[in-house]
Amino acid sequence: MEAFPRPRPFEQPRTSLLERVGFANLDPIALIAGIALIGFSIYTLGVATQDDIPGDPYYYAVRQAIYAVIGISLMLAVARVDYSRFRELRVGIYTAMIVSISLVFIFAEVTRGTRGWIELPFFRFQPSELGKVLLIVTLAAFAIDTARRGSERRRTLRLVALGLFPAALVLLQPDLGTALVYGAVTLAVLFIAGVRWTHFAAMFAVAATVVVGVLVIAPAVGAPILKDYQQDRLTAFLHPSNDAADSSYQINQALIAVGSGGKTGRGDDATQTQEGFLPERHTDFIFAVVGERFGFVGAAFLLSLYALLIWRALRTLTLSKNLYGSMIAGGIAAMLMFHVLVNVGMNIGIMPITGIPLPLMSSGGSSVIATFVALGLLQSIYVQARLSSKRGINSL
Amino acid sequence: MYGREGDWHGPPVPGQLALRVAILGGVALVMFVIIFLRLWYLEVLSGDQYLAQAQNNQVREFTVQAPRGEILDREGRALVENRSALELQVNTKDLPVGRERRASLFTRLGELSGMTPAEIREEIRKQTRLLPSSPVTLQQDVDFETVYYLRENQSRFPGVSVERVYVRRYPQGSLAAHLLGYVGEVDKEDLAQARFEGLEPGDYVGVGGVESTYDSLLRGVNGATRVPVDASGTPTGRTLTEREPRTGNDLVLSLDADVQAAGEAAIGQFALPGAFVAMKVNNGEILGLGSAPTYDPAAFAQPRLPMATARAIFGDPDDVATTGAPINNRAIAGAYPTGSTFKPVTALGALESGELELGDTVSDGGSVSYGGVTFENAGEVAHGSVDLRRALQVSSDVFFYILGADTNEQEGDGGPIQDWARRLGVGEPTGIDVAEEASGSVPTPDERNQAYARNTDPESPSGETVDITEGEVTDRPWSVGDSVNLSVGQGDLQASPLQMAVAYAAIANGGEVVRPHVGLRIEDPQGRAIQEIAPAPRDQVEIDPDWQRTIMAGLHDAAMSPGGTSYGIFGGYPVEIAGKTGTAETSVGIDQSWYVAVAPYDDPKYVVATTIERGGFGADAAAPATLQILNELLGVNEEKIDQVSGTSAVIE
């Protein structure tokens with residue numbers, strides 16, 4: 001016991017409360033953009049879906065708020081963990097992902113033509129949503145793993161196989177849109193992993209052959225692989241004015257909704273949403289709701305938030321203290337880009353209807369929570385990079 | 001992307017990775033540029049064009065009428081059903097604008113419907129004034145040729161359509177018309193009432209009878225179909241949402257259609273206004289209730305009620321004496337003096353006052369004088385020494401005159417006679433579940449004296465100026481003569497046949513004042529009972545069993561023993577009954593015939609009250625009519641009734 005406390009060295013910075021709980025090194029821009037998006041989502045659902053559930057005007061808004069609280073909590077929790085720990089658990093995580101996606105074939109009932117959901121006591125869980133994030137984390141780990149073994153071609157083939165296996169499972173549910181997301185994040189991880197350009201060229205050639213085979217040759221020879229409605233949905237955006245078909249009707253209504261919003265939106269006169277012309281307005285077509293209600297200004301604001309998030313993901317990629325972090329950040333950036341491009345593109349008539357959600361905007365717990373977990377990973381990479389830079393260690 | 005950020009520099013990025021990140025960033029940039037350009041094109045450059053499309057993309061809600069529940073008798077026989085009818089309707093909102101275009105449309109429409117353009121205009125004007133927002137119905141039961149013609153030439157008939165609607169059908173014709181009531185379109189003013197909450201102008205609701213009292217249960221809930229329409233209001237195909245209409249519940253009545261038919265025939269045979277009630281003594285279930293003259297409720301299921309039919313049913317509005325109108329339900333809304341059928345009430349009052357003991361006799365010399373006025377028996381017959389039982393049998397007026405004068409009080413609310421009338425429900429609403437019941441009244445000294453005080457103004461005690469033609473005023477105060485009149489059911493007493501049936505039921509069942517009801521059960525459209533209707537008795541009064549036995553015995557003797565007032569009718573009846581005739585003196589100068597019967601005498605099950613306006617003595621019209629109703633109730637074959645030679649007193 002010393003009689004007098006030792007004086008604190010003058011140079012040593014005072015540790016703030018934020019630092020002590022581990023939030024001091026978070027990326028504030030990504031944090032704000034994420035919270036702004038979910039806030040915008042809750043507001044939009046609150047004003048636009050009041051008549052959807054009779055007697056419960058805030059059904060979707062209240063649920064989205066609950067998912068937001070769960071998601072943000074998970075994001076902050078993941079941000080505190082060193083993401084490198086996930087690398088050690090890659091086999092376990094990958095297995096868990098495959099098992100959870102497979103479970104839907106056993107337990108889930110077919111909803112809206114697909115069986116992607118598992119009924120839990122409190123909500124319906126969609127394993128393939130969280131699966132995207134888990135695939136990024138594990139695929140990046142396997143990429144590091146295989147970097148120094150065997151030939152590069154074998155490595156590429158192995159990684160492609162690891163990425164396409166869950167994609168194939170999701171495709172069988174059948175959920176084409178989400179399967180394409182798995183493909184996109186696989187490509188992104190391989191891209192950041194440094195796979196040769198020639199390998200990419202070969203992959204594109206194979207992919208192009210498959211697409212042409214499925215969409216053009218197989219129906220032509222009388223052995224269609226896609227069901228009729230899937231084919232319709234994929235090609236309907238090429239002829240939106242023909243309003244006989246179901247898919248083109250939806251596209252047409254979405255286009256009218258977005259277009260009628262004009263510069264500043266129709267506010268409470270948003271008849272496309274209010275009178276039910278717009279299908280799936282709380283999920284797939286929520287961007288059209290924003291476009292109609294808040295106009296170009298509102299849609300541009302929303303897109304800016306996504307641009308901010310994607311910029312921060314790419315920035316985190318470059319800051320990461322190791323290649324593993326960069327690959328995860330690249331995968332997440334690609335995931336966000338793909339979702340925004342395909343979903344918004346579908347709403348404005350330049351992309352086929354594939355039914356994938358707009359991250360943090362579309363109503364739905366699985367998607368909201370999975371996206372926040374992904375943002376948590378980005379924060380973790382950012383935090384670790386800052387800490388290591390302070391310590392002067394750089395493993396790259 | 002590689003710039004400074006705050007106080008912290010990132011690590012150097014290797015060249016190969018930098019290139020790939022740059023490519024990824026480039027892809028993102030191109031993506032956002034494409035999306036922004038497309039949004040700019042859609043919302044800013046083509047915004048007006050899409051806005052026009054959105055405004056052309058409107059929704060119209062069509063109401064799908066819910067069928068009303070059916071009304072059945074206690075055996076399940078349908079009294080009111082629905083049928084679907086094709087109606088030729090005009091939607092005024094969609095009519096062409098401009099005099100000439102409208103005129104030519106009405107000409108074409110006139111050729112189609114057989115109406116003149118003037119009639120069409122008049123009909124549209126009349127119906128839109130009542131129900132501004134609902135379509136105007138021109139014709140019902142349009143034939144299919146018209147439907148097809150209209151469909152093929154729809155463009156030449158803007159705003160004209162044929163709609164399938166449900167209308168009421170009455171398989172038993174006019175049977176029980178007064179009890180059933182009818183349905184009509186509800187208008188804006190009615191909608192302010194709480195019972196019409198949630199309805200739209202033009203929805204069908206019950207008017208009168210059980211259609212009105214059980215309206216909310218019979219009504220059902222209309223469905224709606226939301227259909228997208230273009231700017232001209234033409235559906236563009238595809239239904240957005242659909243809400244199925246919910247059929248109303250069925251109402252099962254306690255009514256027996258056979259008893260009802262027998263009753264209507266019995267009172268209808270005289271071609272005079274009249275009414276009857278047949279009710280269960282123990283629980284107030286109505287087995288039959290009718291009023292003559294009657295009307296055909298199917299008239300109200302037509303889109304228009306012709307003026308002549310309306311006058312025939314509701315009476316001429318210019319004629320003051322519309323009491324003869326068929327719409328009036330005399331069995332519950334009639335307020336009449338009841339004649340001698342009131343005597344059992346007087347007997348109970350006198351017995352309670354203690355002035356009359358069961359063994360007491362009175363010497364009936366044929367007349368009695370009070371205050372200088374001589375009150376005589378009908379026909380000036382002297383019945384000699386009579387006790388209560390005998391007095392009821394022969395209907396001795398003098399016996400009851402004396403009770404009225406000596407045992408009743410001539411001030412305040414009156415005495416035990418008024419008291420017992422009220423206790424048994426005479427002169428008060430019975431609370432039956434049929435709309436438009438009248439309360440009637442039992443005269444009291446206070447009421448008459450107050451009315452007289454108002455009349456004798458300005459020197460009168462109250463000192464206000466009163467116009468004699470307005471309000472109830474009278475030319476004299478209460479006197480003992482009023483009690484004498486009341487004791488035999490004459491004078492100012494006003495009661496309905498239903499009230500008399502309830503009072504006799506209470507005497508017969510030992511004091512239970514039942515709440516009469518015609519509704520028995522509510523069933524959902526699948527036929528499952530969802531509500532039993534069994535209202536609790538209104539009151540329980542104490543009647544000394546000895547008094548009750550004596551009164552019932554007197555009523556039995558009146559019908560079944562030689563010398564009884566209706567012995568000539570019921571003397572040979574195979575079932576022992578108790579019954580009382582009544583002959584009410586009325587202002588028209590011709591007596592009103594009454595009869596109230598309880599049967600069987602030993603074990604009372606049914607009470608039947610019958611009255612025939614201007615029918616003469618009770619035994620002339622009401623008693624034979626009651627006999628026909630009892631035949632149906634008790635299953636008595638007309639031929640089994642022995643003819644008795646009792647030509648004795650039909651006079652009272």
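**Figure 1. The buried residues of helix α21(B).** In this predicted model, helix α21 of chain B covers residues 622-634, and its buried residues are A622(B), A623(B), P624(B), A625(B), T626(B), L627(B), Q628(B), I629(B), L630(B), E632(B) and L633(B). That comes to 11 of 13 residues, so the helix is mostly covered, given that a residue counts as buried with 20 or more other C-beta atoms within 10 Å of its own. From its first C-alpha to its last, α21(B) reaches 18 Å, close to the 18 Å expected at 1.5 Å a residue.

Figure 2. R614(B) is not a glycine, yet its phi is positive, about 60 degrees. You'll find R614(B) in the loop between β23 and α21 of chain B. It has 16 C-beta neighbours inside 10 Å and counts as partly exposed. E436(B) isn't a glycine either, and its phi is positive at about 70 degrees. Look for E436(B) in the loop between α15 (416-423) and α16 (445-455) of chain B. With 15 other C-beta atoms within 10 Å, E436(B) is partly exposed.

**Figure 3. Two cis peptide bonds in chain B.** One cis bond runs from A292(B) to P293(B), with omega near -5 degrees. P293(B) belongs to the loop between β12 (286-292) and α10 (307-314) of chain B. Another cis bond joins A599(B) and P600(B), and here omega is about -15 degrees. P600(B) is in the loop between β22 (592-599) and β23 (606-612) of chain B.

**Figure 4. Helices α6(A) and α8(A), side by side.** Over in chain A, the axes of α6 (residues 127-145) and α8 come within 10 Å and cross at roughly 20 degrees. The angle is under 35 degrees, so α6(A) counts as roughly parallel to α8(A). Their crossing is right-handed. From α6(A), the contact uses S128(A), K132(A), L135(A), I136(A), L139(A), A140(A) and A143(A). From α8(A) come T178(A), V181(A), Y182(A), V185(A), T186(A), V189(A) and A193(A). Sorted by class, this contact has 10 nonpolar, 3 polar and 1 charged residues. As for the spacing along a helix, an α-helix has 3.6 residues a turn, so residues three or four places apart point the same way.

**Figure 5. Where chain A touches chain B.** The contact between the chains takes 42 residues from chain A and 36 residues from chain B. On the chain A side, the elements giving two or more residues are α8 (176-193), α11 (246-260), α12 (271-274), α13 (286-319), α14 (323-347) and α15 (365-391). Of these, α13(A) gives the most, with 12 residues. By class, the chain A side splits into 22 nonpolar, 15 polar and 5 charged residues.

**Figure 6. Helix α14(A) on its own.** α14(A) has 25 residues and spans 36 Å from first C-alpha to last, close to the 36 Å expected at 1.5 Å a residue. It's mostly covered, with 23 of its 25 residues buried. G349(A) follows α14(A), and its phi is positive, near 75 degrees.

**Figure 7. The chains around these views.** Chain A has 15 helices and 2 strands, and 49% of its 396 residues are buried. Chain B has 21 helices and 23 strands, with 42% of its 652 residues buried. Among chain A contacts between residues at least 6 apart in sequence, 70% join residues at least 24 apart. In chain B, residues 24 or more positions apart account for 71% of the contacts with a separation of 6 or more.

Definitions and conventions: Residues are numbered from 1 along each chain as its sequence is written. Chains are lettered from A and ligands numbered from 1 in the order in which they are written. This is a predicted model: local features need pLDDT of at least 70, side-chain atom pairs count only at pLDDT 80 or more; totals for chains, interfaces and linings use all residues. Two residues are in contact if their C-beta atoms, placed from the backbone, lie within 7 Å. Helices (H or I, at least four residues) and strands (E, at least two) are DSSP runs, numbered from the N terminus. Ala, Val, Leu, Ile, Met, Phe, Trp, Tyr, Cys and Pro count as nonpolar, Asp, Glu, Lys and Arg as charged, and the others, Gly among them, as polar. Axes are lines fitted to C-alpha atoms, for helices over the stretch in contact, and angles run from 0 to 180 degrees between N-to-C directions. Angles under 35 degrees count as roughly parallel, over 145 as roughly antiparallel, 65 to 115 as roughly perpendicular and the rest as oblique. A crossing is left-handed if the near helix is turned anticlockwise from the far one by less than a right angle, and right-handed if clockwise. The expected span of a helix is 1.5 Å times one less than its number of residues. A residue is buried if 20 or more other C-beta atoms lie within 10 Å of its own, exposed if 12 or fewer, and partly exposed in between; C-beta atoms are placed from the backbone.
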